[in-house]
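Subject: Structure handover

Hello,

Here is the structure I promised to pass on. Please open it first, then read my notes below.

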Amino acid sequence: MTYNSKKNIISMAAGVLTIAAYIITVRAGDVPAPEDIAAWAKLMLVFIGIGIGAQIVIQILFHVIYAVGIAVKENDKDGEKTKKIINASMKEDERDKLIQLKTLQIGYICAGFGLMAALFTLAGGAPVVIALHIVVGSSAVGSLAEGCAGVFFHERGVRNG
Amino acid sequence: MNGVFAMDNNAGSDPKFTITNNIRRLRFFADEMTQVELAEKSSVSRQTIIALEAGKYLPSLELAFRIAYAFGVPIGEVFECKIEGIMNK
């Protein structure tokens, strides 16, 4: 498995952990009333912040473990070879940009469907909090779908056009 | 030039272009150049070199020239194209 695939999987894992933490918090019952949209929005913003923080921490840990793994595998004592391999792996090139474009498209489609679903829910007379959850949830699902597509394209290959 | 291949547009089907590369062989003859070294010389990531060698990615024209330049050979020595479904006019 390539460096990019591993990075995508780690990123998805951080996303799943954040979503799980949110669901556990909500299911625990210590949440605002359904009509208190401002409080819900604040709760979601807090969890978005937690998600970003988790991403940063998990990515740092991943890169440390990845570097140690390469150094051990290559039996590199002075770290020069490891540094070279990591630099060559982390470099972003035309293939990464092509994969990014394709995966972003999938993310936008998910978020777009979520927005439409939220509008239909509102039009059907459902509470705003449900629509809010559909919008945020579809963005999260879109982000996970992006990650899955990234792994797929990195492993299976990608064609121009 | 005689014997120029032309696409058979009347056949109703597009010709099939199969592009292959000799990067692995060229690396071997370049004093067993590593994928990391080739990646550095071509300004791409190691994963892209791995994908190219595995036939999982077709590079842009610029990258194809960069790789040929890294080996110091013409682009035709690095990449080859086999065209099927054409007729000799």
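This is a predicted model: local features need pLDDT of at least 70, side-chain atom pairs count only at pLDDT 80 or more; totals for chains, interfaces and linings use all residues.

Accessible areas here come from the Shrake-Rupley method with a 1.4 Å probe. By that method, chain B exposes about 5,700 Å².

Chain B on its own

Start with the fold. Chain B has five helices and four strands. Read from the N terminus, the order is β-β-α-α-α-α-α-β-β. So much for the elements; next comes the packing. Chain B has 89 residues, and 33% of them are buried. Now take the contacts in chain B with a separation of 6 or more. Of these, 62% join residues 24 or more positions apart.

One residue to look at

Find B:Val73. Where does B:Val73 sit? The residue lies in the loop between α4 (61–71) and α5 (75–78) of chain B. Which residues does B:Val73 touch, leaving aside neighbours within four places in sequence? The partners are B:Leu26, B:Ala68 and B:Val78. B:Val73 and B:Glu53 are 20 residues apart in sequence. From C-alpha to C-alpha, B:Val73 and B:Glu53 are 17 Å apart in space.

Now turn to the interface. The size of an interface is often given as the accessible area lost when the parts come together. Between chain B and chain A, about 1,500 Å² is buried. Carbon and sulfur atoms give 49% of that buried area. Three residues stand out on the chain B side: B:Gln47, B:Lys56 and B:Tyr57. Together they supply 39% of the area that chain B buries against chain A, more than any other three residues.

The contact involves 15 residues from chain B and 20 residues from chain A. How many salt bridges cross the interface of chain B and chain A? The rule finds zero. Polar contacts do turn up: seven residue pairs between chain B and chain A, both residues at pLDDT 80 or more.

The most comes from α3(B), with four residues. By type, the residues on this side of chain B are seven nonpolar, five polar and three charged.

Best wishes

Notes. Residues are numbered from 1 along each chain as its sequence is written. Chains are lettered from A and ligands numbered from 1 in the order in which they are written. Side-chain values use heavy atoms; hydrogens and water are left out. Contact means heavy atoms within 4.5 Å. Buried area is the accessible area (1.4 Å probe) that two parts lose on being put together, summed over both. A salt bridge is a side-chain nitrogen of Lys or Arg within 4 Å of a carboxyl oxygen of Asp or Glu. A polar contact is a pair of N or O atoms within 3.5 Å; within protein, one must be able to donate a hydrogen and the other to accept it, and residues adjacent in sequence count only if both atoms are side-chain atoms. Helices (H or I, at least four residues) and strands (E, at least two) are DSSP runs, numbered from the N terminus. Ala, Val, Leu, Ile, Met, Phe, Trp, Tyr, Cys and Pro count as nonpolar, Asp, Glu, Lys and Arg as charged, and the others, Gly among them, as polar. Buried means under 20% relative accessible area, exposed over 50%, partly exposed in between (1.4 Å probe, protein chains only).
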